[in-house]
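Morning, everyone. Please bring the model up on your screens, and I'll walk you through it.

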Amino acid sequence: MIRSLLALLTLATLGIGSRVVWPVERVEVVGNIQLSDSQVRAITGLEVGTPWLWAWPKRLEALRANPWVRSARLERPAIGQLRIVLEERKALATLVLGGMEWGLSDDGTLLPNPPETPIRVEGLGSIRLSDVIAIVKALPNATSIRYTPAGYTVRGKGFEVWAATATELQKWASERKSLANKPTYLYPWGESKSR
């Protein structure tokens with residue numbers, strides 16, 4: 001009984017002492033572009049004055065749930081100092097769904113409130129994100145991608161091309177015989193240009 005009481009008293013003393021003796025004096029956030037330093041600190045709860053010994057990587061779970069965050073890790077460069085290292089996703093294109101704009105990352109994650117991107121994606125029907133990502137990567141100089149149940153129309157400076165599948169567009173982009181100054185339609189048996 002006395003040993004249990006002494007152990008409890010020792011733990012309480014250490015807990016209170018850790019708050020007073022080693023508080024966090026500095027929180028550094030690196031790798032963030034979309035999220036501000038203050039947003040990252042608020043999401044994690046890692047602020048100046050919190051106990052340094054109680055800053056565990058588990059505090060980053062809420063941050064990792066943010067769609068903009070690809071990965072996050074916690075470093076302790078010195079006593080009283082914390083560094084939160086982020087890798088954020090980047091928006092490859094702006095996707096319009098249900099009247100709202102989303103950023104589309106290279107892993108298919110939809111990103112809220114995206115910065116302006118050079119490529120705008122919109123259309124009718126259901127969208128296959130993997131196809132759109134493949135088209136964006138194959139034709140990075142595109143400015144507009146329109147999808148319908150029938151296929152994809154891609155426009156860019158000096159070209160306009162339609163294909164039923166993303167694979168046909170990727171093949172056309174890799175061969176790129178010419179920039180289609182006239183609208184080009186791709187079919188499994190070849191291509192057709194408007195007059």
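Helices here are DSSP runs of H or I with at least four residues, strands are runs of E with at least two, and both are numbered from the N terminus. This is a predicted model, where local features need pLDDT of at least 70, side-chain atom pairs count only at pLDDT 80 or more, and totals for chains, interfaces and linings use all residues. Residues are numbered from 1 along each chain as its sequence is written, and side-chain values use heavy atoms, with hydrogens and water left out.

Confidence next. pLDDT is the predictor's confidence in each residue, from 0 to 100. The protein chain averages 88, and 88% of the residues score at least 70. Among its elements, strand β6 (residues 110-112) has the highest mean, 97. Helix α1 (residues 2-21) has the lowest, 64. Where pLDDT is low, the predicted coordinates should not be read in detail.

Now the overall picture. The protein chain has five helices and twelve strands. Of its 195 residues, 34% are buried, meaning under 20% relative accessible area with a 1.4 Å probe, protein chains only; over 50% is exposed, and in between is partly exposed.

Where does L46 sit? In the loop between α2 and α3 (61-64). L46 is buried, and its relative accessible area is 0%. What does L46 touch, leaving aside its neighbours within four places in sequence? V27, R41, A55, R59, L60, L74, L82 and I84 are in contact with L46; contact means heavy atoms within 4.5 Å. Take R59: it is 13 residues from L46 in sequence, and 7.7 Å away in space, C-alpha to C-alpha.

On to the first sheet I want to show. Two strands pair if DSSP finds at least two bridges between them. Three strands form an open sheet, in the order β1-β3-β2, with mixed pairing. β1 (26-30) and β2 (69-78) are at the edges with a single partner strand each, so one side of each has no neighbour in the sheet. From one strand to the next, the twist averages 20°. Strand β3 (residues 81-88) runs antiparallel to β2, joined by seven bridges. One of the pairs is A78 with Q81 in β3. Helix α2 (residues 37-44) lies across β1 and β3, at about 115° to β1. A word on angles: they run from 0 to 180 degrees between N-to-C directions, and axes are lines fitted to C-alpha atoms, for helices over the stretch in contact.

Next, strand β9 (residues 151-156). Is β9 largely enclosed or open? Five of its six residues are buried, so β9 is largely enclosed by the rest of the structure. Strand β8 (residues 142-148) runs antiparallel to β9, with six bridges. A hairpin of two residues links β8 to β9. S144 has R155 in β9 as its bridge partner. On to strand β10 (residues 159-163): it pairs with β9 over five bridges, again in the antiparallel sense. Here Y152 bridges to A163 in β10. In the β9 and β10 hairpin, with two residues between the strands, G158 takes a positive phi near 85°.

Last stop, a helix pair. Helix α4 (residues 129-138) packs on helix α5 (residues 166-175) at about 10°, with axes 9 Å apart. The contact uses D131, A134, I135 and A138 of α4, and A166, L169, Q170 and A173 of α5. That's the tour. Which part shall we look at again?
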